[in-house]
Amino acid sequence: MRTNYVILSLLPLASVLAQSVDTGTAHKAAATALLNSNNTGAARLACPATIGPVSTANPPGGAGRAGGAPAGAGAAKGGGRGPGAVPAKESWYAEGGQVFDNLYLLTTQVNSAWAVKTSEGIILIDTLFGYAAQDAIVDGLKNAGLNPADIKYIIVSHAHGDHDGAVKFLQDTYKARVIMGPKDWELAAREADPPRHDIEATDGQKLTLGDTTVTIYITPGHTAGTLSVLVPVKDHGQPHMAMEWGGTALSGSTSKDMLESYISNAKRLKDISDGLGADVIIVNHTEYNDALNRFARTKTRKTDEPHPWVVGKDEVQKYLTVAEECAKSWLAIGNGRP
Ligand SMILES: [Zn+2]
């Protein structure tokens with residue numbers, strides 16, 4: 001016993017490190033235990049890829065990647081984030097379309113935006129990279145029988161190029177009003193061709209357009225002004241509530257403050273989602289909940305089959321718990337880092 005005591009007292013740092021590795025591993029295991037097709041992709045981008053005493057490496061596709069454009073992406077038709085060639089359409093294009101009576105998926109292979117159809121026009125949630133504006137947003141809406149000129153509001157989940165790339169173009173072309181978290185307006189202002197500063201979101205803000213009210217929450221963590229949204233949707237007239245967690249990916253360079261915020265906001269959004277009966281997960285990266293396969297199943301769904309996007313309240317809770325546990329895992333190993 002005495003020997004153990006001496007070893008421990010001589011190696012306090014090693015002990016702390018071992019403990020934080022254990023805690024980090026336990027939180028990752030808690031996340032992993034909940035994985036299924038509704039959240040596996042989110043976990044892959046939010047949880048540390050490896051946990052060890054020297055785990056400063058980013059997970060594949062961590063915040064660094066999520067924040068930037070893919071090679072060759074950038075300013076394009078529709079505006080983007082600085083100069084760069086437009087990637088070949090076949091490298092990014094994916095078909096979207098109607099998912100609920102009043103909700104449409106506008107997508108690329110990697111990112112998703114959503115159009116909420118109301119009695120007074122369209123609320124767009126995110127805009128994809130600038131290069132996708134014409135094919136995925138403008139033509140995507142037209143192909144679904146909607147008019148892009150009806151876009152009245154754009155809610156930007158966070159000011160990274162894969163979500164706000166086409167904001168300026170849509171703002172200029174359709175005079176849409178743009179809502180971002182205050183801190184993400186600051187982020188967007190640093191872009192090469194920034195959108196004009198417009199509406200600063202407030203926490204719990206209710207955005208009503210015609211017959212539809214979307215609720216917006218400021219949930220910092222992935223960025224300081226990340227917005228999450230709750231959207232009422234209908235399936236053949238049956239009401240459901242969709243939840244989008246607006247920022248997901250974390251990395252070894254995410255600050256302690258941001259990790260703590262991410263954790264508290266994931267918990268908060270769980271309570272909010274529970275209170276509003278959220279039973280649908282919508283995402284801004286297709287891989288978070290297997291969105292492209294889910295959309296394919298939506299297209300071939302028979303009337304008596306369950307809706308592929310209606311996953312139930314427990315799955316919404318699980319999704320946010322996975323995000324929360326992944327952040328706790330990063331926090332644990334970050335705290336133990338020398
Ligand atoms: Zn991002």
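Which residues are exposed on the other side of α2? Gln19 and Asp22 are exposed there, where exposed means over 50% relative accessible area, buried under 20%, and partly exposed in between (1.4 Å probe, protein chains only).

## Basis of the model

This is a predicted model, in which local features need pLDDT of at least 70 and side-chain atom pairs count only at pLDDT 80 or more, while totals for chains, interfaces and linings use all residues. Residues are numbered from 1 along each chain as its sequence is written, and side-chain values use heavy atoms, with hydrogens and water left out.

Helices (H or I, at least four residues) and strands (E, at least two) are DSSP runs, numbered from the N terminus. Helix α2 covers residues 12–32, and at 1.5 Å a residue its 21 residues should span 30 Å, which agrees with the 30 Å between its end C-alpha atoms. The expected span is 1.5 Å times one less than the number of residues. The buried residues of α2 are Leu17, Ser20, Val21, Gly24 and Ala31. They lie on the same side of α2, because they cover an arc of only 105 degrees around the axis; the arc is that of the directions from the helix axis to the C-beta atoms.

## Zinc site

Three histidines coordinate the zinc ion at 2.1 to 2.2 Å: His158 through NE2, His160 through ND1 and His222 through NE2. Donors are N, O and S atoms within 2.8 Å of the metal (3.2 Å for Na, K and Ca); water is not among the atoms, so sites may look incomplete.

The donor residues are spaced H-x1-H-x61-H in sequence. His160, in the loop between β5 (151–155) and α6 (161–164), and His222, in the loop between β9 (212–218) and β10 (227–235), link distant parts of the chain, 62 residues apart. His160 counts as buried because its relative accessibility is 11%. His222 is buried too, with a relative accessible area of 11%.

## Second largest pocket

The second largest pocket has a volume of about 180 Å³. Of its 13 lining residues, Asn102, Asp211, Thr212, Pro232 and Lys234 are the closest to its centre. A pocket is an open set of points on a 1 Å grid over the protein atoms alone, where a 1.4 Å probe fits, with protein on both sides within 12 Å along at least five of seven lines; lining residues have an atom within 4 Å of a point. The volume is the space filled by probe spheres set on the points, which are joined across faces, edges and corners.

At least two lining residues come from each of β3 (112–118), β9, β10 and β11 (238–244). β10 gives the most, with three residues. The lining divides into three nonpolar, six polar and four charged residues; Ala, Val, Leu, Ile, Met, Phe, Trp, Tyr, Cys and Pro count as nonpolar, Asp, Glu, Lys and Arg as charged, and the others, Gly among them, as polar.

## Individual residues

Leu128 is not a glycine, yet has a positive phi of about 65 degrees. Leu128 lies in the loop between β4 (121–125) and α5 (133–143), and counts as buried at 1% relative accessibility.

Trp330 lies in helix α11 (residues 313–335) and is buried, at 1% relative accessibility. Trp330 and Lys256 are 74 residues apart in sequence, with 8.9 Å between their C-alpha atoms.
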